[in-house]
Amino acid sequence: MSFLTVTTRPQAQLHSFRKVGLSSQVRCYAAQGKGVSMKQQQNQGYKGNKNQKLTKKQKCMEAMRNNRSPGAFVQLPSGQLNHELFQSQRLDELTLPDFNAEDITVANLGKALTFPLPENDVARVFGVPRNVLLDFRILSKAASVVRDVTIKLVDRLQAASQESSQENRFVLSGSAGNGKSFLLLQGVEYAASAGWLVMYIPRCISLVNSSTPYSYDLRTQTYLQPVFAQQTLQRFRTANQHALSLLSAEDKIDLPDCLSLPRGTPLLKLIDVGLKDQTSAPIVLTALLEALGKQTKIPVLLAVDDFQALFTKTAYKTPQFQSIRAWHLSMPRLILEYASGRKSFARGAVVGALSLSDKTYSLSPELRYALHLQSWLQPSPYLKVAPEITTFTRGIQILKVPEKLSVNEAASLFEVWNKNRTLHTSANDELFLAKYTESGGNPRDFVWKGLLSTLQT
């Protein structure tokens with residue numbers, strides 16, 4: 001090979017590249033092979049091909065990785081514990097007296113009672129607060145202890161059964177974990193056992209955390225929540241069907257789209273209108289409560305947990321992306337009208353419970369001052385206090401829940417968890433007094449940081 005051929009061949013190649021151009025060069029360098037595309041490589045990654053069939057175990061593990069929420073404890077069905085290893089430690093159902101209206105007396109003070117929870121029970125239909133649900137999932141049967149404040153709450157409800165809810169509007173208050181949600185649930189179960197009509201909102205935060213759709217209504221100048229209103233109608237119908245079958249509307253009821261129900265219409269038929277048409281559910285729910293407020297045959301209980309969420313800024317936004325206050329939403333507004341006494345039941349009560357566990361929708365200083373919980377703690381003079389807070393809290397009474405359990409109440413609670421075979425150490429007086437002292441008598445700490453902490457090593 002001559003020197004001429006060696007020097008001229010690269011020049012010829014360079015000349016051919018110049019003819020092809022820069023764009024062709026880029027395409028040549030960026031071109032992919034015919035074997036595997038870039039998209040397929042990204043899908044495969046280091047975990048292998050996602051399109052390949054996964055075994056049942058692999059699917060279960062993948063679902064567990066995707067679900068990062070802590071969730072609630074779910075009991076393993078006893079039918080799956082057939083191995084002889086589990087026979088000696090099989091959990092027997094608690095055998096305690098049932099929680100009935102006639103049993104809530106001073107004679108049963110400090111004793112543990114179990115909730116029967118039939119299919120149409122209020123707690124089963126409406127649900128319970130999350131912290132209560134966790135306790136019930138661990139226990140073999142839902143139970144609670146009759147406290148001194150339970151007797152006081154029942155006495156107030158007994159008096160309210162013959163009076164207007166205008167004079168029976170009160171809120172349960174106290175420190176975190178002292179049993180306000182359990183006390184409200186006891187009041188709900190008592191009212192249902194005594195034949196009341198009960199509407200229970202166990203998680204009022206769900207009304208303001210933007211978890212359901214909403215739309216603006218020019219007629220009421222509020223944001224309607226049709227999905228939650230329809231769910232409330234369905235649950236109220238299921239839990240109170242027998243009592244509702246005895247009631248009918250005392251006046252003519254006007255509904256949207258020129259629809260009206262004549263006087264004497266059964267209230268079950270009114271509820272069915274809201275169940276069939278979701279858009280009319282908020283108006284039907286309002287008409288239903290007004291009809292229940294006029295009748296005098298059966299007392300009505302409106303119970304609301306997380307009551308402080310009704311006075312906060314919500315996660316809902318206006319078209320200008322401004323936070324909507326709770327009283328501009330249809331469901332919180334309806335509850336506040338009965339809590340403030342603007343609307344009332346001829347017989348019944350409105351009971352709320354303040355929660356201190358959620359920091360997003362916490363108890364504000366303005367609400368503390370309006371409810372006279374801490375009259376010495378006035379709101380900042382540099383912040384504008386909404387006048388609705390004062391308006392909707394006027395006349396609400398406070399029922400203080402004790403900060404700690406009495407020794408007899410704590411002993412009954414200790415016995416319940418001991419029968420449930422929760423303790424992994426010997427159940428004796430020393431253990432009881434140690435956990436009671438460590439928790440300071442606080443019910444939640446006594447159970448979760450005291451008795452259940454024995455599961456940790």
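**Salt bridges and a helix end**

I began with Lys419, which is partly exposed, its relative accessible area being 40%. I am working from a predicted model.

Next I looked for its partner. Lys419 forms a salt bridge with Glu415, with 3.4 Å from N to O. Both residues belong to helix H16, which covers residues 407–419. They sit 4 residues apart, about one turn of the helix. Glu415 has a relative accessible area of 41%, so I logged Glu415 as partly exposed.

How many salt bridges are there by this rule? I noted a count of 10.

I moved on to helix H7, residues 148–160. There I found Lys152 in a salt bridge with Asp148. Their closest N and O atoms are 3.7 Å apart. Why are Lys152 and Asp148 separated by about one helical turn? They are 4 residues apart in the helix, so about one turn lies between them. I looked up accessibility for each. Lys152 comes out at 46%, which makes Lys152 partly exposed. Asp148 comes out at 37% and is also partly exposed.

Helix H17, residues 429–439, was next. Lys435 and Glu438 both lie in this helix, 3 residues apart, about one turn. Their side chains meet in a salt bridge, at 3.8 Å from N to O. Is Lys435 buried or exposed? Lys435 has 13% relative accessibility, and buried means under 20%, so Lys435 counts as buried. Glu438 has a relative accessible area of 56%, and exposed means over 50%, so Glu438 counts as exposed.

Which residues are linked in a network? I listed Glu290, Arg333, Glu337 and Lys343.

My last entry is on Thr393. This residue is found in helix H15, which runs over residues 387–393. Thr393 has 4% relative accessibility. The cut-off for buried is under 20%, so Thr393 is buried. What does Thr393 touch, leaving out residues up to four places away in sequence? I noted Phe311, Leu367, Ala370 and Leu371.

To close the page, I put two residues side by side. Lys435 has a salt bridge to Glu438, while for Thr393 I recorded contacts, including Phe311 and Leu367.

Terms used
Residues are numbered from 1 along each chain as its sequence is written. This is a predicted model: local features need pLDDT of at least 70, side-chain atom pairs count only at pLDDT 80 or more; totals for chains, interfaces and linings use all residues. Side-chain values use heavy atoms; hydrogens and water are left out. Helices (H or I, at least four residues) and strands (E, at least two) are DSSP runs, numbered from the N terminus. Buried means under 20% relative accessible area, exposed over 50%, partly exposed in between (1.4 Å probe, protein chains only). Contact means heavy atoms within 4.5 Å. A salt bridge is a side-chain nitrogen of Lys or Arg within 4 Å of a carboxyl oxygen of Asp or Glu.
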